[in-house]
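Subject: The model we talked about

Hi there,

Here is the structure I promised to pass on. Please open it alongside this message, and my notes follow below.

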Amino acid sequence: MANALVAALLVLAICYNTAQGAAALPLPSAATEFLEPHNQARAAVGVGPLKWSEQLANASSLLARYQRNKMGCQFANLTDHKYGANQIWGSGAAVTPHMAVDTWVKEKDYYDYATNSCAPDHKCGVYTQVVWKNSSDLGCAQATCKDQTSLTICFYNPPGNYVGEKPY
């Protein structure tokens with residue numbers, strides 16, 4: 001009974017503090033490491049920041065762990081998901097969240113906004129997903145595989161990155 005009362009009081013305190021404008025609980029460091037480079041890239045093109053979504057983080061974690069445990073750490077089929085998505089596979093060394101996002105953002109060098117196209121022999125889809133103007137939520141996860149390989153997956157909601165539409 002005492003535990004239930006303490007839990008109820010804690011919930012009331014959180015609700016009260018949130019209603020009073022108290023600061024939200026700090027994000028886990030991995031969330032911050034994913035959000036910062038995403039939001040820097042978005043700010044550079046005048047797009048609003050993403051916010052962290054535990055729902056998307058959990059979904060990307062389930063997929064990354066499945067790919068590690070059942071699929072030998074291969075790339076996931078991202079077309080079967082209801083979110084926008086990016087992934088990167090790293091070999092030989094750990095890939096930090098910042099490194100993953102920086103790799104996706106480097107595709108900006110090959111993207112031409114005026115023509116909404118990518119330079120010949122290059123792809124820009126992971127960059128345009130990072131800066132997709134209608135996406136507002138982000139959740140990412142990483143799975144460490146054998147031989148120091150890793151798989152990083154990020155989900156974006158609402159989904160976007162549609163062919164023919166400009167990202168920002």
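Predicted model: local features only at pLDDT ≥ 70, side-chain atom pairs only at ≥ 80, totals over all residues.

Residues are numbered from 1 along each chain as its sequence is written, and side-chain values use heavy atoms, with hydrogens and water left out.

Back to Ala85. Ala85 counts as buried at 17% relative accessibility; buried means under 20% relative accessible area, exposed over 50%, and partly exposed in between, with a 1.4 Å probe and protein chains only. Setting aside residues up to four places away in sequence, Ala85 touches Leu78, Gln129, Cys154, Phe155 and Tyr156, a contact being heavy atoms within 4.5 Å. The C-alpha atoms of Ala85 and Val126 are 8.1 Å apart, although 41 residues separate the two along the chain.

The overall picture

The chain has five helices and six strands, and from the N terminus on they run α-α-β-α-β-α-β-β-α-β-β. Of the 168 residues in the chain, 37% are buried. Among contacts with a separation of 6 or more, 69% are between residues 24 or more positions apart.

The sheet

Four strands form an open sheet in the order S1-S5-S6-S2, with mixed pairing; two strands pair if DSSP finds at least two bridges between them. Strand S1 (51-52) and strand S2 (84-90) are at the edges with a single partner strand each, so one side of each has no neighbour in the sheet. Strand S5 (residues 137-144) and strand S6 (residues 150-157) run antiparallel and are joined by eight bridges. Asp137 has Asn157 as its bridge partner in S6, and Ala143 stands opposite Leu151 in S6. Helix H3 (residues 54-70) packs on the sheet and touches S1, S5 and S6, its direction making about 25 degrees with that of S5. Helix H4 (residues 97-105) also packs on the sheet, touching S2, S5 and S6, and its direction makes about 110 degrees with that of S2. For these angles, axes are lines fitted to C-alpha atoms, for helices over the stretch in contact, and angles run from 0 to 180 degrees between N-to-C directions.

S1 and S5 run parallel, with two bridges between them; Trp52 has Leu138 as its bridge partner in S5. Six of the eight residues of S5 are buried, so S5 is largely enclosed by the rest of the structure.

In S6, have a look at Ser150. Ser150 counts as buried at 5% relative accessibility, and its contacts, leaving out residues up to four places away in sequence, are Ile88, Trp89, Gly90, Val95, Ala143, Thr144 and Cys145.

Gly92, in the loop between S2 and H4, is in contact with Asp147 and Gln148, leaving aside its neighbours within four places in sequence.

Most residues other than glycine have a negative phi, and most peptide bonds are trans. Cys73, in the loop between H3 and S2, has a positive phi near 70 degrees and is buried, with a relative accessible area of 4%. Asn116 has a positive phi of about 50 degrees and counts as partly exposed at 23% relative accessibility. A cis peptide bond joins Asn157 and Pro158, with omega about -10 degrees; Pro158 is in the segment after S6.

The largest pocket

How many residues line the largest pocket? The lining has 19 residues, with Gly125, Thr128, Asn161, Tyr162 and Val163 nearest the centre. H5 gives the largest share of this lining, four residues. A pocket here is an open set of points on a 1 Å grid over the protein atoms alone, where a 1.4 Å probe fits, with protein on both sides within 12 Å along at least five of seven lines; lining residues have an atom within 4 Å of a point.

Enjoy looking around!

Best wishes
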